[in-house]
Amino acid sequence: MKLCRFELAGQAHVGLTLDDQTLLDLTAAGIERLTPLLESDHLPKRLAVLAKSGLPSHKIGDVRLLAPVERQEVWAAGVTYLRSKNARMEESDFSATAYDKVYDAPRPEIFFKSLAEKVVATGDPVGIRRDSKWNVPEPELALVISSRGEIVGYTAGNDMSSRDIEGENLLYLPQAKVYDRSCAIAPWIVVGVTEAQVRKWTIGVEISRKGKTVFEGATSVGQIKRSFTELADWLCTSQLFPHGAVLLTGTGVVPGDDFTLHAHDTVRITVSGIGTLENPVTVV
Ligand code: DO4
Ligand code: MG
């Protein structure tokens with residue numbers, strides 16, 4: 001079962017798909033916003049009942065899909081895959097041991113990534129900073145977390161990053177990570193799956209330039225070092241999220257050191273159990 005937000009006659013609606021072809025319009029049943037729905041006690045059961053209630057439907061190809069966030073803050077965990085730790089140790093001189101230490105430490109790296117209103121939807125451009133020369137997408141599984149701190153669904157995101165800015169000095173991390181159009185989130189929130197099922201999914205990225213693939217890579221979600229509940233619990237320690245939150249879980253796919261994104265490239269991130277997030281690249 002996948003939830004989404006979509007646009008109909010200029011209004012945001014909440015949708016549900018069971019077959020990846022048609023969207024049931026939950027807003028026709030009075031569900032105007034995703035956030036209260038995500039707070040439901042037995043969400044998969046509630047969705048199963050709604051799916052059988054004769055709601056109007058639309059072909060997915062006929063509607064504009066929106067990012068599945070309303071007022072949720074987006075946060076991101078880092079250095080949760082060995083590939084990310086190694087790539088970052090290589091790009092940085094004096095901060096290298098910080099990555100090594102955080103990979104093994106009980107407390108994970110977690111940083112603020114985006115306000116909901118700044119999240120880029122599929123089809124819209126993601127940004128590379130005009131003061132950076134080395135930029136990459138980071139394809140990441142994302143946890144959708146309720147105001148109670150529970151994982152209620154899964155989506156996919158792109159934690160766009162400026163590797164030269166981060167590599168110059170770790171104190172520049174917020175500038176390497178947070179700028180206009182630096183966070184995109186896939187339209188779908190998958191509900192009713194277990195962590196064990198999600199760990200079997202694959203996550204991949206394909207970058208194309210002028211119609212040709214210039215980078216392709218993939219990993220298994222199971223390569224992530226920490227459990228999802230561990231990451232969600234750290235995020236929600238000493239911090240309440242009244243509207244819930246989205247937590248990107250870190251990247252396990254990093255292009256080689258000679259690769260940087262260009263304006264007009266297209267980034268396609270696919271998580272096997274979720275779907276695809278596709279964005280062109282622009283300079284901001
Ligand atoms: O330590 C910097 C950021 C790490 C990150 O974003 C990742 O591993 O995905
Ligand atoms: Mg990342």
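User: What is the relative accessible area of Arg 209?

Analyst: This is a predicted model, in which local features need pLDDT of at least 70 and side-chain atom pairs count only at pLDDT 80 or more, while totals for chains, interfaces and linings use all residues. Residues are numbered from 1 along each chain as its sequence is written, chains are lettered from A and ligands numbered from 1 in the order in which they are written, and side-chain values use heavy atoms, with hydrogens and water left out. Buried means under 20% relative accessible area, exposed over 50%, and partly exposed in between (1.4 Å probe, protein chains only). Arg 209 counts as partly exposed, because its relative accessible area is 22%.

User: With which residue does the side chain of Arg 209 meet in a salt bridge?

Analyst: A salt bridge is a side-chain nitrogen of Lys or Arg within 4 Å of a carboxyl oxygen of Asp or Glu. For Arg 209 the N to O distance is 2.8 Å, and the partner is Asp 265. The pair links distant parts of the chain, 56 residues apart: Arg 209 is in strand β15, and the loop between β17 and β18 holds Asp 265.

User: With which residue does Lys 177 form a salt bridge?

Analyst: Lys 177 counts as buried, because its relative accessibility is 3%. The closest N and O atoms are 3.1 Å apart, and the partner is Glu 138.

User: Which residues of helix α2 are buried?

Analyst: Helices (H or I, at least four residues) and strands (E, at least two) are DSSP runs, numbered from the N terminus. On the other side of α2, Lys 45 and Val 49 are exposed. The buried residues of α2 (residues 43-51) are Leu 43, Leu 47 and Leu 50.

User: What area is buried between domain 1 and domain 2?

Analyst: Domain 1 covers 2-66 and domain 2 covers 73-283, with bounds from an automatic or database domain assignment. Buried area is the accessible area (1.4 Å probe) that two parts lose on being put together, summed over both. Carbon and sulfur atoms give 62% of the area, which is about 1,300 Å².
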